[in-house]
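Hi,

Here is the structure I promised to pass on. Have a look at it first, and then read on for what turned up.

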Protein chains: 2
Amino acid sequence: MLAADAEIIAVGSELLTHQRIDTNSLYLTEQLNALGVEVRRKLIVGDDRALLTAAVNHALAHVGIVVLTGGLGPTEDDITRDAVAAAFGRSLVFRQDICDQIEDRFRRFNRKMAEINRRQAYLVEGADLLPNPRGTAPGQWIEQDGRVAMLLPGPPGELKPMFASECVPRLEQRLPPQVIRTRFYGVAGMTESELDQLISPVYSKYTNPATTILAAPGDIQVHLRARCATLEETERLFSEVCGPIEELLGDRIYSREGETLETVVGNLLRERGGTLSVAESLTGGLLGERITLVPGSSDYFVGGFIAYSDRLKTELLGVDASLIERRSAVSEEVALAMAEGARSRTRSTYAVSVTGEAGPVSASGAPPGRVYIGLAGPGPSETRHFQFPGDRTRVRTLAAQTALDFLRRRIR
Amino acid sequence: MLAADAEIIAVGSELLTHQRIDTNSLYLTEQLNALGVEVRRKLIVGDDRALLTAAVNHALAHVGIVVLTGGLGPTEDDITRDAVAAAFGRSLVFRQDICDQIEDRFRRFNRKMAEINRRQAYLVEGADLLPNPRGTAPGQWIEQDGRVAMLLPGPPGELKPMFASECVPRLEQRLPPQVIRTRFYGVAGMTESELDQLISPVYSKYTNPATTILAAPGDIQVHLRARCATLEETERLFSEVCGPIEELLGDRIYSREGETLETVVGNLLRERGGTLSVAESLTGGLLGERITLVPGSSDYFVGGFIAYSDRLKTELLGVDASLIERRSAVSEEVALAMAEGARSRTRSTYAVSVTGEAGPVSASGAPPGRVYIGLAGPGPSETRHFQFPGDRTRVRTLAAQTALDFLRRRIR
């Protein structure tokens with residue numbers, strides 16, 4: 001049985017600059033905690049072989065699980081393989097099969113593997129290979145004397161699937177059994193402090209389940225994690241805590257499975273056989289971009305207009321030029337005309353429009369943060385207006401999120 | 001003279017949860033770098049006396065400067081004073097004058113000092129007191145055998161002024177004088193390994209300037225930092241190293257000042273009095289979103305089309321339906337027709353189009369990652385095609401970045 005404590009070591013001099021932060025360790029901490037593993041230290045080391053070897057030795061002397069991230073690239077700076085081999089007192093072994101796979105990957109993208117990529121085909125002697133379908137650097141898993149070290153690639157898009165599919169199952173086999181169950185709520189239409197004021201009287205009475213609230217602009221995730229000896233106990237605990245939370249949040253909950261708001265909207269459209277178009281001014285394409293991030297979105301999303309200039313609002317969407325002059329482009333009337341123009345020109349079931357003032361300087365006369373969202377569909381057209389806080393990026397993010405939630409409530 | 005390298009140790013179990021990140025170290029790194037001090041490691045340790053003592057000992061054995069943050073509060077969890085005293089082999093001394101100051105501070109806020117706050121009046125024997133006008137916990141400065149450890153409070157509002165007013169002057173006295181200058185290149189149109197293969201023969205011969213390469217999809221940042229005794233020496237060093245690097249990278253350098261690619265493109269358009277429109281399929285709005293992220297982009301960006309479905313490519317952009325049928329929507333011919341359609345319908349100087357297969361499943365028959373970019377403007381229209389690696393998000397990101405770079409090279 002492995003000792004249920006861990007150290008996370010992030011490798012890379014770039015993580016020691018003042019612009020960069022190691023965020024992989026947050027994901028890893030969450031995953032390890034869910035397995036009942038306590039993270040005892042997190043370390044960031046630059047590209048220095050001797051320092052890293054010393055750090056790995058130190059970690060192996062203190063904890064059961066050592067997770068290393070980064071430093072698996074092809075350049076001279078990438079020293080994790082060497083340093084870990086030295087810490088274990090093992091050699092590095094060249095593996096032709098790994099090299100062939102890397103070469104294959106380059107070939108698939110019509111490129112030739114550079115000579116330096118051969119470095120990525122070295123494994124610490126006796127290590128398990130952890131396949132990396134998303135990148136060239138494979139991971140490694142090394143066990144010795146009841147301790148384990150794992151080498152994971154730095155890019156989050158490669159690290160996360162590798163940890164989830166390769167490391168979690170191996171760790172589960174080697175750690176004491178626990179029943180861990182989670183509940184999730186995706187919540188739109190309120191701020192983090194509004195949400196916390198509403199539900200903290202419920203959840204703060206409990207340390208088990210542990211409640212975590214993660215907030216992005218206009219989007220809040222509530223995670224509850226229960227750890228018990230039996231499945232029945234977790235279920236009993238959840239019904240006690242989650243029942244009241246669900247009642248308080250009501251239809252502000254858009255997701256219980258972790259789907260994004262754009263995925264939820266897409267699923268509703270697909271179920272109802274509806275199509276969607278957009279007319280974006282303020283968001284400049286952000287709304288379309290989010291909708292089309294979902295694979296298969298072409299089933300319901302036809303496209304739309306980026307009507308950034310007033311001239312294009314008139315020429316592409318048929319918004320009356322005198323209306324823009326009278327009411328300004330940042331107005332309820334223009335939002336409505338944009339949505340209706342997009343719907344009729346694309347012949348979609350629904351059309352959503354966004355116009356507003358992103359700032360920092362007001363071009364329309366409206367205060368920065370003022371946003372109008374229009375929605376056209378079967379039945380009467382609607383608009384809503386908002387005054388969002390924050391800078392340009394935040395205002396646009398809040399506008400896109402709110403437009404999607406407006407759409408969700410209408411289609412539902 | 002102090003060795004010009006440092007380790008930053010953040011103390012506190014709350015920093016080992018998945019919701020919290022240590023940001024003090026970013027500020028400290030920036031300040032230390034400006035003094036010519038290299039940060040060699042950053043460590044986060046929970047509230048565990050033995051672990052922290054071991055960590056301080058390890059740090060004192062490897063670097064000249066050890067900065068500890070947090071763990072100076074009044075509770076049992078606050079173990080930094082104890083652990084550092086143990087690491088130096090010194091005792092803790094109660095200081096009535098400090099205790100009186102803390103009591104005074106409480107009195108000023110009309111509160112009574114709790115008994116546990118007496119803990120904050122203990123100093124490591126022989127330490128300098130670092131006053132904390134913003135909080136109760138004073139800092140401490142301990143020197144021994146040409147090494148220094150400093151204990152700083154965790155709250156950024158207390159830590160930053162203490163470091164700036166107390167620690168920086170002490171460090172300046174003890175470190176060799178230095179001039180630090182930086183150079184920056186933003187590079188598009190190549191991968192990290194291609195770039196490294198090209199320029200590492202130049203930069204890897206030097207440890208001063210230090211070269212750091214940061215890569216995002218389709219976008220690479222090269223940072224060089226030179227430290228010398230005089231300004232002339234840094235300039236001489238840069239002309240030696242940066243001259244060849246600039247020659248090798250040529251027009252792939254899009255920025256020397258840190259501007260984003262969309263800002264560079266926007267500035268070129270503004271200088272030349274040109275306007276821009278987009279016709280997006282694959283990217284679904286991402287290109288417009290990036291262009292309009294730049295404040296003032298309405299000076300040159302008129303808007304455009306999200307022509308996601310084939311029908312809208314024909315209806316909105318005038319792409320011949322039989323052409324789409326013959327060549328598929330993911331083709332050079334359609335990219336060209338989309339760009340030309342957007343340009344004529346918006347009457348912009350330039351129009352750029354993106355069509356491609358994002359995956360994971362191919363809808364068009366083209367392999368995921370296949371991307372065509374079209375560009376219409378004064379003079380003949382052009383297209384380029386690419387086979388990008390990675391998942392849906394990466395392919396779209398690479399496509400938008402490449403489209404912006406295509407545009408930059410054309411307008412320039």
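A:Ile291 counts as buried, because its relative accessibility is 4% and the cut-off for buried is under 20%. Keep in mind that this is a predicted model. You'll find A:Ile291 in helix 9 of chain A, which covers residues 286-292. What does A:Ile291 touch, leaving aside its neighbours within four places in sequence? The contacts are A:Glu262, A:Leu276, A:Val278, A:Ser297, A:Tyr300, A:Phe301 and A:Leu404. If you want a sense of scale, take A:Leu151, which is 140 residues from A:Ile291 along the chain: the two C-alpha atoms are separated by 35 Å.

Let's begin in chain B, with helix 8 (residues 261-272) and helix 13 (residues 392-411). Their axes are 10 Å apart and the packing angle is about 30°. Roughly parallel means an angle under 35 degrees, so helix 8 of chain B and helix 13 of chain B are roughly parallel to each other. The crossing of these two helices is left-handed. On the helix 8 side of chain B, the contact is made by B:Leu261, B:Glu262, B:Val264, B:Val265, B:Leu268, B:Leu269 and B:Arg272. Helix 13 of chain B brings B:Gln401, B:Leu404, B:Asp405, B:Leu407, B:Arg408 and B:Ile411. By type, the residues of this contact between helix 8 and helix 13 of chain B come out as eight nonpolar, one polar and four charged.

Staying in chain B, look at helix 1 (residues 24-34) and helix 5 (residues 156-174). The axes come within 11 Å and cross at roughly 20°. That angle makes helix 1 of chain B roughly parallel to helix 5 of chain B. Here the crossing of helix 1 and helix 5 of chain B is right-handed. From helix 1 of chain B, the residues involved are B:Asn24, B:Tyr27, B:Leu28, B:Gln31 and B:Leu32. They meet B:Pro156, B:Leu159, B:Lys160, B:Phe163, B:Ala164, B:Val168 and B:Leu171 in helix 5 of chain B. How do the residues of the contact of helix 1 with helix 5 of chain B divide? There are nine nonpolar, two polar and one charged.

The crossing of the two is right-handed. A:Leu51, A:Ala54, A:His58 and A:His62 of helix 2 in chain A meet B:Leu51, B:Ala54, B:His58 and B:His62 of helix 2 in chain B. The residues of this contact between helix 2 of chain A and helix 2 of chain B are four nonpolar, four polar and no charged.

Now zoom in on helix 12 of chain B, residues 332-346. The 15 residues of this helix reach 21 Å from first C-alpha to last, close to the 21 Å expected at 1.5 Å a residue. Which residues of helix 12 of chain B are buried? They are B:Val334, B:Ala335, B:Ala337, B:Met338, B:Ala339, B:Gly341, B:Ala342 and B:Thr346.

Most residues other than glycine have a negative phi, and most peptide bonds are trans.

- B:Arg347 lies in the loop between helix 12 and strand 15 (350-356) of chain B, and counts as exposed because its relative accessibility is 53%.
- B:Ser328 is not a glycine either, yet has a positive phi of about 75°. B:Ser328 sits in the loop between helix 11 (321-327) and helix 12 of chain B. Its relative accessibility is 18%, so B:Ser328 counts as buried.
- The peptide bond from A:Gly359 to A:Pro360 is cis, with omega near 5°. A:Pro360 is in the loop between strand 15 (350-356) and strand 16 (370-376) of chain A.
- The bond from B:Asn208 to B:Pro209 is a cis peptide bond, with omega near 5°. B:Pro209 is in the loop between helix 6 (192-203) and strand 10 (210-216) of chain B.

Cheers

Conventions:
Residues are numbered from 1 along each chain as its sequence is written. Chains are lettered from A and ligands numbered from 1 in the order in which they are written. This is a predicted model: local features need pLDDT of at least 70, side-chain atom pairs count only at pLDDT 80 or more; totals for chains, interfaces and linings use all residues. Side-chain values use heavy atoms; hydrogens and water are left out. Axes are lines fitted to C-alpha atoms, for helices over the stretch in contact, and angles run from 0 to 180 degrees between N-to-C directions. Helices (H or I, at least four residues) and strands (E, at least two) are DSSP runs, numbered from the N terminus. Angles under 35 degrees count as roughly parallel, over 145 as roughly antiparallel, 65 to 115 as roughly perpendicular and the rest as oblique. A crossing is left-handed if the near helix is turned anticlockwise from the far one by less than a right angle, and right-handed if clockwise. Contact means heavy atoms within 4.5 Å. Ala, Val, Leu, Ile, Met, Phe, Trp, Tyr, Cys and Pro count as nonpolar, Asp, Glu, Lys and Arg as charged, and the others, Gly among them, as polar. The expected span of a helix is 1.5 Å times one less than its number of residues. Buried means under 20% relative accessible area, exposed over 50%, partly exposed in between (1.4 Å probe, protein chains only).
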